[in-house]
Amino acid sequence: MKTSAAVKFRNGIYGFLCIGVALYALSHLFRDDFYSFKTNGVSDFLIWRIAFHMHFIGGAVALGLGWTQFLKNFRTKQLNLHRRLGYLYIIAIVLVSSPAAFYMALYANGGFNNVVGFGMMALCWFTFTLAAFVKIKGKDIEAHERWMIRSFAVTLGAVTLRIFMPLMIIGGVSPSEAYQVIAWFCWVPNLFVAEWIIQRKYLPSAS
């Protein structure tokens, strides 16, 4: 049985990481040199820059709001606010960040592996979040919760990327090789964890 203090500590860590990475992402919008990370010249195109801003702004909103959707006391005591923030989370992903992320993935540094990795991540992010919306509109709360867990697991890819990419480089992996790994490693393991959580919470009805 988890103590109240342990739950609050865990939620505090989640919130700190999510909000911290969201603010870090937004800070990039004010850096003139940030586009220099692109090695294929695509950052010179206006449509790519628009997609870049859409992805970072939408992703920051999703990350900053998403973790609150799993706070049990918050859902119980502030149900209307929970719903409003949930709609903002869904809009930020489905209409803003994931379509932009898919477009950006087509021009990802690192070639075919990274195009597919980040492209699949964007497609899963869009699909899982849309499924969560469809299920809650159909008043299937358990299915909604399952798809939200999967959606947020992909959202947390922004956090795991920024944790494991530096660790791999510190461990001696070259930045280019680390980026080949992180295109998959930042989100696929998150989904395994998400499915483990779902199986524990909803077995045998998980879908």
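Visitor: Which residues does Cys 186 touch, not counting residues up to four places away in sequence?

Guide: Happy to start there, and please keep in mind that this is a predicted model. Contact here means heavy atoms within 4.5 Å. Leaving out residues up to four places away in sequence, the partners of Cys 186 are Phe 118, Met 121, Gly 157, Thr 160 and Leu 161.

Visitor: Which members of the largest nonpolar core touch the most other members?

Guide: That core holds 44 residues. Helices that each supply at least two of its residues include α1 (4-27), α4 (79-105), α5 (112-137) and α8 (175-185). The members touching the most others are Tyr 89, Phe 118, Ile 182 and Cys 186.

Visitor: How many residues are in the second, separate core?

Guide: Val 42, Ala 51, Phe 56 and Ala 100 are among the members of this second core. It stands separate, and its residue count is 8.

Visitor: What is the C-alpha to C-alpha distance between Tyr 89 and Ala 62?

Guide: Ala 62 is one of the residues that Tyr 89 touches, in a list that also includes Leu 65, Gly 66, Thr 129, Met 148 and Phe 152. Tyr 89 and Ala 62 are 27 residues apart in sequence. In space, C-alpha to C-alpha, they are apart by 4.8 Å.

Visitor: Why does His 144 count as buried?

Guide: His 144 has its place in helix α6. Not counting residues up to four places away in sequence, it touches Ala 132, Lys 135 and Ile 136. The cut-off for buried is under 20%. His 144 counts as buried because its relative accessibility is 14%.

Visitor: What is the phi of Lys 139, and where is this residue found?

Guide: Most residues other than glycine have a negative phi. Lys 139 is not a glycine, yet its phi is positive, at about 60 degrees. Lys 139 counts as exposed, with 72% relative accessibility. As for its place, Lys 139 is found in the loop between α5 and α6.

Visitor: How many helices and strands does the protein chain have?

Guide: Following the sequence, the pattern reads α-α-α-α-α-α-α-α-α. The totals for the chain are 9 helices and 0 strands.

Visitor: What is the radius of gyration of the protein chain?

Guide: Along its principal axes, the C-alpha trace spans about 50 × 35 × 30 Å. With 207 residues, a compact globule would have a radius of gyration near 17 Å. The protein chain agrees with that, at 17 Å.

Visitor: How far apart are the mean positions of the positive and negative charges?

Guide: The protein chain has 19 positive and 8 negative charges. Their mean positions are apart by 13 Å.

Methods
Residues are numbered from 1 along each chain as its sequence is written. This is a predicted model: local features need pLDDT of at least 70, side-chain atom pairs count only at pLDDT 80 or more; totals for chains, interfaces and linings use all residues. Side-chain values use heavy atoms; hydrogens and water are left out. A nonpolar core is a set of buried Ala, Val, Leu, Ile, Met, Phe, Trp, Tyr and Cys residues joined through side-chain atoms within 4.5 Å. Buried means under 20% relative accessible area, exposed over 50%, partly exposed in between (1.4 Å probe, protein chains only). Helices (H or I, at least four residues) and strands (E, at least two) are DSSP runs, numbered from the N terminus. The radius of gyration is taken over C-alpha atoms; the globule rule is 2.2 Å times the number of residues to the power 0.38. Lys and Arg count as positive and Asp and Glu as negative; His and the chain ends are not counted. The place of a charge is taken as NZ of Lys, CZ of Arg, CG of Asp or CD of Glu.
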